[in-house]
Amino acid sequence: KLDVALYRIQQPDLLKFLTYTKTKGENGYDNYKNAPFNVSGLDFITNFTFEGSAEQKISLPLEGAGMWLVRATLDGADYNDAILLRSDTGVMVREGNDNTTLFWGQSLRTGKSISQGDVNIYNLENTPKVLSSGVFDATGTVRQPLNKQGDIAVITSGEDISVVVLNLPMSYRYEKFSPRTISRKYYLFTDRPIYKPGDTVYFKAVIRDDNDALYTVPQGTAH
């Protein structure tokens, strides 16, 4: 028997739902855990009950933009949660060449860039914290500092809310958005592959700084 309950939630509920704690495991890796989410204070919409193993499809009574929590409880004990978000605002994000995060927003209904809206980047470890904020300009874009501590970005435009996952633990196996660092690459070679005792060895080194495949000659003296 599967009981499914639907609740309407607001932005503070979403942030609380995604908040996590981090501990160090015995294997040396970080472990992440979300606290149990209490639904007692939420706006209850409706519930459904499923019995048997047959696949069933239902139409959820969702009207307009907003966010909802779906809680599925199996046999009155184990449960799992999911968030449903309906919005007309679509947002794309990419890393800039200057260690910034570039957001571009558009109306999914018209396809046009949004002309107003806010971006707030949050870290959700232990408690939600705003790391940076920005406002969309006339081109529908906004730049924010690139911060690997940023877990999600919440975008608000009028009544619409959109969420973009950046580095939220358990969503990616790697840090998707983190400040770019310049690495140094070396290539060392000799004038021939084999020598006899007493031979003079001539060698040469090529050194380049690698900034996302943009190579430059480093300054200073190599030792």
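Visitor: What makes strand 12 and strand 13 a pair?
Guide: In this predicted model, strand 12 (residues 152-157) and strand 13 (residues 160-165) are joined by six bridges and run antiparallel. Pairing requires at least two bridges, so six bridges meet the requirement. One of the contacts is that of Ala153, whose bridge partner in strand 13 is Val164.

Visitor: What lies between strand 12 and strand 13?
Guide: The two strands form a hairpin with two residues between them. Gly158, in the turn, has a positive phi of about 65°.

Visitor: Which residue other than glycine has a positive phi, and where is it?
Guide: Asn126 has a phi near 75°. Its place is in the loop between strand 9 (118-123) and strand 10 (129-135). Most residues other than glycine have a negative phi.

Visitor: Why is Asn126 called exposed?
Guide: Its relative accessibility is 54%. Exposed means over 50%, so Asn126 counts as exposed.

Visitor: Why is Pro36 called exposed?
Guide: The relative accessible area of Pro36 is 71%, and the cut-off is over 50%, so the word applies. Pro36 sits in the loop between strand 3 (30-34) and strand 4 (43-50). From Phe17 it is 19 residues apart in sequence and 8.4 Å apart in space, C-alpha to C-alpha.

Visitor: How do you know that the buried residues of helix 1 are on the same side?
Guide: The buried residues of helix 1 (residues 11-18) are Gln11, Leu14, Leu15, Phe17 and Leu18. They cover an arc of only 160° around the axis, which puts them on the same side of helix 1. The face turned away from that buried side carries the exposed residues Pro12 and Lys16.

Visitor: What makes strand 7 and strand 11 edge strands?
Guide: Three strands form an open sheet in the order 7-8-11, with antiparallel pairing. Strand 7 (89-95) and strand 11 (141-145) each have a single partner strand, so one side of each is left without a neighbour in the sheet. The twist averages 25° from one strand to the next. Strand 7 is joined to strand 8 (residues 100-107) by seven bridges, and Met92 has Trp104 as its bridge partner in strand 8.

Visitor: Why is the contact of Arg184 with Asp209 called a salt bridge?
Guide: Their closest N and O atoms are 2.7 Å apart, and the limit is within 4 Å, so the pair qualifies. Arg184 lies in strand 14 and Asp209 in strand 15 (residues 203-211), so the pair ties together parts that are 25 residues apart in sequence. Arg184 is partly exposed at 43%, whereas Asp209, at 14%, counts as buried because buried means under 20%.

Visitor: How many salt bridges are found in the whole structure?
Guide: The search finds five. Among them is the one between Arg192 and Asp199, at 2.7 Å, N to O. Asp191, Arg192 and Asp199 are linked in a network of salt bridges.

Visitor: Why is Phe189 called partly exposed?
Guide: Its relative accessibility is 31%, so it falls between the limits of 20% and 50%.

Methods:
Residues numbered from 1 in each chain as written. Predicted model: local features only at pLDDT ≥ 70, side-chain atom pairs only at ≥ 80, totals over all residues. Heavy atoms only, no water. Helix = DSSP H or I, 4+ residues; strand = E, 2+ residues; numbered from the N terminus. Buried < 20%, exposed > 50% of the residue type's maximum accessible area, 1.4 Å probe, protein only. Arc of directions from axis to C-beta. Axes fitted to C-alpha atoms, helices over the stretch in contact; angles between N-to-C directions. Salt bridge = Lys/Arg side-chain N within 4 Å of Asp/Glu carboxyl O.
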